[in-house]
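Work through the exercises below with the sequence and the coordinates open. Each task is followed by its solution.

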Amino acid sequence: MARHEVTIKLAAAARQALADIDEACTLIITGRYGRCRGCHTEIPIHLLQTIPTTQWCLSCQRHQSLTRASRRPAPRSPSSAPGKRAALDKRREGKAHVRPIDRIDRSGSVDLAR
């Protein structure tokens with residue numbers, strides 16, 4: 001069960017990364033790369049070098065994070081969901097095993113290494 005959850009989360013993260021890259025390529029083509037989506041100022045080069053797909057300056061990013069945090073529901077305890085307690089115990093004991101991802105295609109399909 002834990003392996004399945006990790007696989008789903010990795011696939012979702014991979015799909016999001018590909019979408020971010022596609023968006024950055026579109027911004028490069030249209031000449032808008034390096035400008036903040038919020039305030040339209042130039043994004044500092046050190047930030048673009050660190051996170052090339054970013055579309056927000058640090059000020060707007062902070063503002064977004066604060067806004068999201070105020071809307072977010074209180075986190076549930078990891079042991080409150082059925083089955084998660086056993087997964088957490090296995091992880092703590094070092095028995096949980098996740099196979100590495102061998103390949104992720106553009107549609108988000110994941111091939112696990114065997």
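A residue counts as buried when its relative accessible area is under 20% and as exposed when that area is over 50%; values in between are partly exposed. The model is predicted.

**Exercise 1.** Classify His-40 as buried or exposed, and describe its backbone.

Solution. 
- Step 1: His-40 is located in the loop that joins helix 1 to helix 2.
- Step 2: Its relative accessibility is 54%. The cut-off for exposed is over 50%, so His-40 counts as exposed.
- Step 3: The phi of His-40 is positive, about 65°, although the residue is not a glycine.
- Step 4: Most residues other than glycine have a negative phi.

**Exercise 2.** Decide whether Gln-55 is buried or exposed, and list what it touches.

Solution. 
- Step 1: Gln-55 sits in the loop between helix 2 (45–50) and helix 3 (58–71).
- Step 2: Its relative accessibility is 10%, so Gln-55 counts as buried.
- Step 3: Leaving out residues up to four places away in sequence, Gln-55 touches Glu-23, Leu-27, Arg-35, Cys-36, Arg-37 and Ile-43.
- Step 4: Leu-27, one of these partners, is a buried residue of helix 1.

**Exercise 3.** Which residues form the largest nonpolar core, and what does Ile-43 contact?

Solution. 
- Step 1: The largest nonpolar core consists of six residues: Cys-36, Ile-43, Leu-47, Leu-48, Cys-57 and Cys-60.
- Step 2: Apart from neighbours within four places in sequence, Ile-43 contacts Gly-34, Arg-35, Cys-36, Leu-48, Thr-54, Gln-55, Trp-56 and Cys-57.
- Step 3: Among these contacts of Ile-43 are Cys-36, Leu-48 and Cys-57, which also belong to the core.
- Step 4: In soluble globular proteins, nonpolar side chains tend to be buried together.

**Exercise 4.** Summarise the protein chain as a whole.

Solution. 
- Step 1: The chain has four helices and two strands, in the order α-α-α-α-β-β from the N terminus.
- Step 2: Of its 114 residues, 15% count as buried.
- Step 3: The accessible surface is about 8900 Å², with 56% of it belonging to carbon and sulfur atoms.

Technical notes: Residues are numbered from 1 along each chain as its sequence is written. This is a predicted model: local features need pLDDT of at least 70, side-chain atom pairs count only at pLDDT 80 or more; totals for chains, interfaces and linings use all residues. Side-chain values use heavy atoms; hydrogens and water are left out. A nonpolar core is a set of buried Ala, Val, Leu, Ile, Met, Phe, Trp, Tyr and Cys residues joined through side-chain atoms within 4.5 Å. Buried means under 20% relative accessible area, exposed over 50%, partly exposed in between (1.4 Å probe, protein chains only). Contact means heavy atoms within 4.5 Å. Accessible areas come from the Shrake-Rupley method with a 1.4 Å probe; for residues, only the protein chains shown count as cover.
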